[in-house]
Amino acid sequence: MKTILEASNISKTYGKKGTAAYTAIRDLSFSMNEGEFIGIMGPSGSGKTTLLNMVATLDPMTSGEITIDGISVSAMNEDQLSDFRSQNLGFIFQDFNLLENMTVFENIALPLSLRNTKLEKIQAGVHQVSAILGIGDLLEKYPAELSGGQKQRTAIARSLIHEPTLLLADEPTGALDSQNAATLLDTLADLNAERKVSILMVTHDPRSASYCSRLLFIKDGKLDRELFPAGTREEFHQEILAVLGDLDRRPVAGVRI
């Protein structure tokens, strides 16, 4: 199976050694195969969002290497990283990040428009991905006219329009009610199962995490353990709750240097 993401001994330290330096990620390694749906969990302040931001090439590493689809991003300059993100990564955020003065069509098309893609290809791509996500009848509406669930589906469509290697989701259900959250998670699970979309998701919610095919638990900036589903989704949910309870009970290690 093809490895699409390899993080090797990555670390992230904020501040300067000897003052008030803080190590958010410490010598962490993991890999991800094409078609996986991986969740990142951990207590508040454990480093999970920092880890996602480093994979997203938004936050530079202090040390280590990250390879995505066989390409090392560690030594790229800002222009190279910007091009790499626009071509290889898709992003879903909890606050949608839709442009209010653009229609749903224009929001979805934005990644292709910024790359000066031909109009015919943009139109075909938007109609294809909006049909997959069930929002084909919303293309002329503006974000203010949409429900929270419709906004998030629009954001997912935008993240998929350029067929990214890896889809990164940061608390994607955070701004949704329980019904819309479940619908979104069903959508992500379907995209993963039926279209082999590779998804890396940060979440604090055990119910959301139960949709994943593998979980990475982070504590004190280190990979603490992995968890795989072995039964029903409800059984997996209970296992996740047990692991989180164990992590919360263990004392936080000192990570200042």
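**Notes on the predicted model**

1. Leaving aside residues up to four places away in sequence, Cys212 touches Phe37, Ile38, Gly39, Met201, Pro229 and Phe236, where contact means heavy atoms within 4.5 Å. Cys212 lies in the loop that joins helix H7 (206-209) to strand S9 (214-219); helices (H or I, at least four residues) and strands (E, at least two) are DSSP runs, numbered from the N terminus. Because its relative accessibility is 3%, Cys212 counts as buried, the class for values under 20% relative accessible area, with exposed over 50% and partly exposed in between (1.4 Å probe, protein chains only). The C-alpha atoms of Cys212 and Gly35 are separated by 11 Å, although the two residues are 177 residues apart along the chain.

2. On provenance, this is a predicted model, in which local features need pLDDT of at least 70 and side-chain atom pairs count only at pLDDT 80 or more, while totals for chains, interfaces and linings use all residues. Residues are numbered from 1 along each chain as its sequence is written, and side-chain values use heavy atoms, with hydrogens and water left out.

3. The protein chain contains 8 helices and 10 strands. Along the principal axes, the C-alpha atoms fill a box of roughly 55 × 45 × 35 Å. Of the 257 residues, 49% are buried. Among contacts with a separation of 6 or more, 70% are between residues 24 or more positions apart.

4. How do helices H3 and H5 cross, and at what angle? The axes of H3 (residues 104-113) and H5 (residues 148-160) come within 7 Å and cross at roughly 30°; axes are lines fitted to C-alpha atoms, for helices over the stretch in contact, and angles run from 0 to 180 degrees between N-to-C directions. H3 and H5 are therefore roughly parallel to each other, a description that applies to angles under 35 degrees. The crossing of H3 and H5 is right-handed, that is, the near helix is turned clockwise from the far one by less than a right angle.

5. At this crossing, Val104, Asn107, Ile108 and Pro111 in H3 meet Thr154, Ala157 and Arg158 in H5. By class, the contact of H3 with H5 comprises 4 nonpolar, 2 polar and 1 charged residues (Ala, Val, Leu, Ile, Met, Phe, Trp, Tyr, Cys and Pro count as nonpolar, Asp, Glu, Lys and Arg as charged, and the others, Gly among them, as polar). H3 is mostly covered, with 7 of its 10 residues buried: Val104, Phe105, Asn107, Ile108, Ala109, Pro111 and Leu112. The cover over these buried residues includes H5 and helix H4 (119-132).

6. Phe96, in the loop between strand S6 (89-93) and H3, has a positive phi near 70° and, at 11% relative accessibility, counts as buried. Glu163, in the loop between H5 and strand S7 (166-170), has a positive phi near 50° and, at 66% relative accessibility, counts as exposed.

7. Thr57 sits in the loop between helix H1 (48-55) and strand S4 (63-68). Thr57 is buried, with a relative accessible area of 9%, and touches Val73, Leu81 and Arg85, again not counting residues up to four places away in sequence.

Technical notes
Parallel < 35°, antiparallel > 145°, perpendicular 65-115°, else oblique.
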